[in-house]
Amino acid sequence: MKQSYNYDAQLGGDVDDLELCHRYGIDTSYAYTPEINDQIKRAIREETVSDLIQGGYSEGHAKSVADSAYNQIKSIPNKL
């Protein structure tokens, strides 16, 4: 069995890296590597921008809000 490096798995959860690759459209070569977490953070940022635009934010404002959140979480180390 391969080791998952996503934050949930590192904290004892049962979410598999490959499942997250499929959920967020991440290249599966990142599964089972510590880099999965950076890819998830980027995917969530992009998803947030899209959701905010659909919710009525301008593209610039949506990116500003998403970047603010992304900048707060990107400093979390990939391996806890």
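Where is Ile76 found relative to helix H4 (59–73)? Ile76 is found in the segment after this helix. The legends below describe a predicted model, in which local features need pLDDT of at least 70, side-chain atom pairs count only at pLDDT 80 or more, and totals for chains, interfaces and linings use all residues. Residues are numbered from 1 along each chain as its sequence is written, and side-chain values use heavy atoms, with hydrogens and water left out.

**View 1. A nonpolar surface patch includes Ile76.** Leu11, Ile73, Ile76 and Leu80 form this patch. Together they have about 380 Å² of accessible area. Areas come from the Shrake-Rupley method with a 1.4 Å probe; for residues, only the protein chains shown count as cover. Patch residues have over 30% relative accessible area and no salt bridge; nonpolar side chains (Val, Leu, Ile, Met, Phe, Trp, Tyr) are joined within 5 Å, like charges within 9 Å. Ile76 counts as partly exposed because its relative accessibility is 36%. The classes are buried (under 20% relative accessible area), exposed (over 50%) and partly exposed in between, with a 1.4 Å probe and protein chains only. Helices (H or I, at least four residues) and strands (E, at least two) are DSSP runs, numbered from the N terminus.

**View 2. Lys41 is a buried lysine.** Lys41 lies in helix H3, residues 36–54. Its relative accessible area is 4%, so Lys41 is buried. Leaving out residues up to four places away in sequence, Lys41 touches Tyr7, Tyr70, Ile73, Lys74, Ile76 and Asn78. Contact means heavy atoms within 4.5 Å. Lys41 and Ile73 are 32 residues apart in sequence, yet 7.5 Å apart in space, C-alpha to C-alpha. Lys41 also meets Asp38 in a salt bridge, 3.8 Å from N to O. A salt bridge is a side-chain nitrogen of Lys or Arg within 4 Å of a carboxyl oxygen of Asp or Glu. Both residues lie in H3, three residues apart, about one turn of the helix. Asp38 is partly exposed because its relative accessible area is 23%.

**View 3. Glu47 pairs with Arg23.** Side chains of opposite charge can pair when their charged atoms come close. In the Glu47–Arg23 salt bridge, the closest N and O atoms are 2.9 Å apart. The pair links distant parts of the chain: Glu47 is in helix H3, Arg23 in helix H2, 24 residues apart. Glu47 is partly exposed, at 30% relative accessibility. Arg23 is also partly exposed, at 46%.

**View 4. Arg45, Glu46 and Asp67 are linked in a salt-bridge network.** Between Asp67 and Arg45, the closest N and O atoms are 2.5 Å apart. This pair links distant parts of the chain, with Asp67 in helix H4 and Arg45 in helix H3, 22 residues apart. Arg45 is buried because its relative accessible area is 15%. Asp67 is partly exposed, at 28%. The whole structure holds five salt bridges.

**View 5. The largest nonpolar core has eight residues.** They are Tyr5, Leu20, Cys21, Ile26, Ala31, Ile36, Ile40 and Ala43. H3 gives the most to this core, with three residues. A nonpolar core is a set of buried Ala, Val, Leu, Ile, Met, Phe, Trp, Tyr and Cys residues joined through side-chain atoms within 4.5 Å. Leaving aside neighbours within four places in sequence, Leu20 is in contact with Asn6, Val15, Ile26 and Ile40.
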